[in-house]
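Hi,

Here is the structure I promised to pass on to you. Please have a look at it first, and then read my notes below.

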Amino acid sequence: QVQLVESGGGLVQAGGSLRLSCAASGSFFGITTMGWHRQAPGKQRELVATITNGGTTNYADSVKGRFTLSRDNAKNTVYLRMNSLKPEDTAVYYCNAGVVASLTFRYLDVWGQGTLVTVSS
């Protein structure tokens, strides 16, 4: 069974910074793309950023230039550095990973439990 464990959320003032971490644990063959989505109150979940196992990144327009996603493949961990935070960044942030299962080599879409980021004005 694969789990994604997120950490780093919290309360920050507008203009401040936070770093989110997401580590994959359990038994699996490998991980492809990892990333973060977020869901603000009353809104649909949206993509924030993704990173392939080769390091290619993709960002939502709303976070480009402010957020940086990086990855440590040896630790099966991704880090989302969020700078110049705005009140509209307030949301529950969910880690997501494409995991290749051991033995069966099936592709699994795995989600974390979410971590709350609150940006005060």
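In which sense do strand E2 (residues 10–13) and E11 pair, and over how many bridges? They pair in the parallel sense, over 4 bridges. Within this pairing, Val12 stands opposite Val119 in E11. Please keep in mind that this is a predicted model.

Now for the overall picture. The protein has 11 strands and 0 helices, and its pattern along the sequence is accordingly β-β-β-β-β-β-β-β-β-β-β. The C-alpha atoms fill a box of roughly 50 × 25 × 20 Å along the principal axes. The radius of gyration is 14 Å, which agrees with the value near 14 Å that a compact globule of 121 residues would have. Of those 121 residues, 44% count as buried. The protein exposes about 6500 Å², and carbon and sulfur atoms supply 49% of that area. Among contacts with a separation of 6 or more, 56% come from residues 24 or more positions apart.

There is an open sheet of 4 strands to look at as well. Its order is E1-E3-E8-E7, and the pairing is antiparallel. The edge strands are E1 (2–7) and E7 (67–72), each of which pairs on one side only. On average, neighbouring strands of this sheet are turned by 15° against each other, direction ignored. E1 and strand E3 (residues 18–26) run antiparallel and are joined by 6 bridges. If you want a place to start on that pair, Gln3 has Ser25 in E3 as its bridge partner.

The largest nonpolar core has 32 residues, and the ones that touch the most other members are Trp36, Leu80, Met82 and Tyr93. Elements that give two or more residues to this core include E1, E3, strand E4 (30–39), strand E8 (77–82) and E11. The largest share comes from E9, with 5 residues. Which residues does Met82 touch, not counting those up to four places away in sequence? They are Gly16, Ser17, Leu18, Leu20, Arg66, Phe67, Tyr93 and Val117.

Leaving out residues up to four places away in sequence, Thr50 touches Thr33, Met34, Gly35, Thr56, Thr57, Asn58 and Leu69.

Best wishes

Terms used:
Residues numbered from 1 in each chain as written. Predicted model: local features only at pLDDT ≥ 70, side-chain atom pairs only at ≥ 80, totals over all residues. Heavy atoms only, no water. Pairing = 2+ DSSP bridges. Axes fitted to C-alpha atoms, helices over the stretch in contact; angles between N-to-C directions. Core = buried A, V, L, I, M, F, W, Y, C linked by side-chain atoms within 4.5 Å. Buried < 20%, exposed > 50% of the residue type's maximum accessible area, 1.4 Å probe, protein only. Contact = heavy atoms within 4.5 Å. Rg over C-alpha atoms; globule rule 2.2 N^0.38 Å. Areas by Shrake-Rupley, 256 points an atom, 1.4 Å probe, with all protein chains shown as cover.
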